[in-house]
Amino acid sequence: MPKLEAKTVQRELDQGQLWPVYWIYGQERMKSRELLKRIRRAALGEAVGAGGLLGLAEETLDGTETTADAVLEAAQSPSLGGGLRFIVIRDAHALKELDALAELLLPRGTRDTLASVCVFLSKDLDGRKKFSKTLVERAAVVSCEDIPEGEREAWIQYLLKRRGLVVPIEETGPLVARLVALDPWSLDIVDQELEKYSLAQSTPGTSASDVLLGGAAVGEAGGTELFLEAFFARDLKAALRIAEGFADQPDESLPLLGLLSWNTRQLALVVSGARGVKLNPYVAERLQRWARRWKLPEVLDLQAELAELDFGFKQTALLPLGLWSRLVMRFCR
């Protein structure tokens, strides 16, 4: 059978259907954790949360410290508490002699008909291995790889809803734009930033937009948005003035560099007339406004210059203010 989508697995679980083996791989750990939680609940039912019974029904193994034979033995051992055995194997990519697991690759069943459910958590699925092909054909293989840029906004909205956060209309666009542009990006990182936002909302006298991502720490209140607007509007005087306030602060200038890089990539798509680009309406309107001031060769040149600026910050002894000033004076006029 083909690899499964997480939503397909969830639909099966809702119908009481379980696979004896799940192989969940990829770097997006929040998706893996959520899927594991739902499989556990479907497999163990009322045992979840009932400390003693859950301890007897579930066993966790580490792929770096165990063998495939040991996993097989654990899955085939009777549960001391009765019922189904639930085995979680972390770092499953490190397991050797995977062919021994073939005995576990049985058809789907229910909690009452299966003897065990094994969930393998792996960083990848090595397609070169013969056993990987067997897994895809006879087990539930689910990819939890990085979220593509085009899908980030939907996941941000999901996390906002899950946390029950109500964002003022005037803050929604900037909030989503900043979260989409995070680098590195993962659901865990976004959720951490939303936690900061939530705390700021509940702190008297503190603006949530000031706390989120250090947005107001760049030069002055709201400085991140002010600098982006001044730079991409090619306002030399304003961009230089704001840059003076953050150039010597790495904790502020490096995240801003990431925002600049993301906005530049999106601007290149807009200026080139690329189709199928899905953006938040606030971001789309802003990029369209900036695009009137840029030509594609200039945007591509800016992308290369930002890479040089990143290298300059990390690998040279040049003064940060000089690097930022050179960037602004080259592209703003």
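Me: A salt bridge is a side-chain nitrogen of Lys or Arg within 4 Å of a carboxyl oxygen of Asp or Glu. The model shown here is predicted. What makes the side chains of Asp301 and Arg330 a salt bridge?

Reply: The side chains of Asp301 and Arg330 meet at 2.4 Å, N to O. The cut-off is 4 Å, and therefore the pair qualifies as a salt bridge. Asp301 belongs to helix H14 (residues 296–315) and Arg330 to helix H15 (residues 320–331), so the pair ties together parts that are 29 residues apart in sequence. In general, side chains of opposite charge can pair when their charged atoms come close.

Me: Why are Asp301 and Arg330 called partly exposed?

Reply: The relative accessible area is 30% for Asp301 and 43% for Arg330. Buried means under 20% and exposed means over 50%, with partly exposed in between. Both values fall in that middle range, and therefore both residues are called partly exposed.

Me: How do you know that Glu229 and Arg289 form a salt bridge?

Reply: The distance between the side chains of Glu229 and Arg289 is 2.5 Å, N to O. This value lies within 4 Å, so the pair meets the definition. The pair links distant parts of the chain, 60 residues apart: Glu229 is in helix H10 (residues 223–232) and Arg289 is in helix H13 (residues 281–291). Glu229, at 28% relative accessibility, and Arg289, at 27%, are both partly exposed.

Me: What makes Glu34 and Lys37 a salt bridge, and where do the two residues lie?

Reply: The side chains of Glu34 and Lys37 meet at 3.4 Å, N to O, which is within the 4 Å limit, so they count as a salt bridge. Both residues lie in helix H2 (residues 29–44), three residues apart, which is about one turn of the helix. Lys37 has a relative accessibility of 39% and is therefore partly exposed. Glu34 and Lys37 also belong to a network of salt bridges together with Arg162, Arg163 and Asp191. The structure holds 15 salt bridges.

Me: Why is Leu160 called buried?

Reply: The relative accessible area of Leu160 is 7%. Since buried means under 20%, Leu160 is buried. Leu160 is found in helix H6 (residues 149–163).

Me: How do you know which residues are in contact with Leu160?

Reply: Contact means heavy atoms within 4.5 Å. By this criterion, and leaving aside neighbours within four places in sequence, Leu160 is in contact with Leu165, Val167, Leu175 and Leu194. Leu160 and Val190 are 30 residues apart in sequence, with 9.9 Å between their C-alpha atoms.

Me: Is Ser325 buried or exposed, and how do you know?

Reply: The relative accessible area of Ser325 is 17%. This value is under 20%, so Ser325 is buried. Ser325 lies in helix H15. The C-alpha atom of Ser325 is separated by 7.4 Å from that of Ala243, although the two residues are 82 apart along the chain.

Me: What makes the phi angles of Asp91 and Glu97 worth noting?

Reply: Asp91 has a positive phi of about 50 degrees although it is not a glycine. Glu97 has a phi near 50 degrees, again a positive value in a residue other than glycine. Asp91 lies in the loop between E3 and E4. Glu97 lies in the loop between strand E3 (85–90) and strand E4 (116–122).

Me: How many helices and strands does the protein chain contain, and how much of the chain is buried?

Reply: The protein chain has 15 helices and five strands. Buried residues make up 46% of its 333 residues. The accessible surface of the protein chain comes to about 17200 Å², of which 52% belongs to carbon and sulfur atoms. Among contacts between residues at least 6 apart in sequence, 75% join residues at least 24 apart.

Key. Residues are numbered from 1 along each chain as its sequence is written. This is a predicted model: local features need pLDDT of at least 70, side-chain atom pairs count only at pLDDT 80 or more; totals for chains, interfaces and linings use all residues. Side-chain values use heavy atoms; hydrogens and water are left out. Helices (H or I, at least four residues) and strands (E, at least two) are DSSP runs, numbered from the N terminus. Buried means under 20% relative accessible area, exposed over 50%, partly exposed in between (1.4 Å probe, protein chains only). Accessible areas come from the Shrake-Rupley method with a 1.4 Å probe; for residues, only the protein chains shown count as cover.
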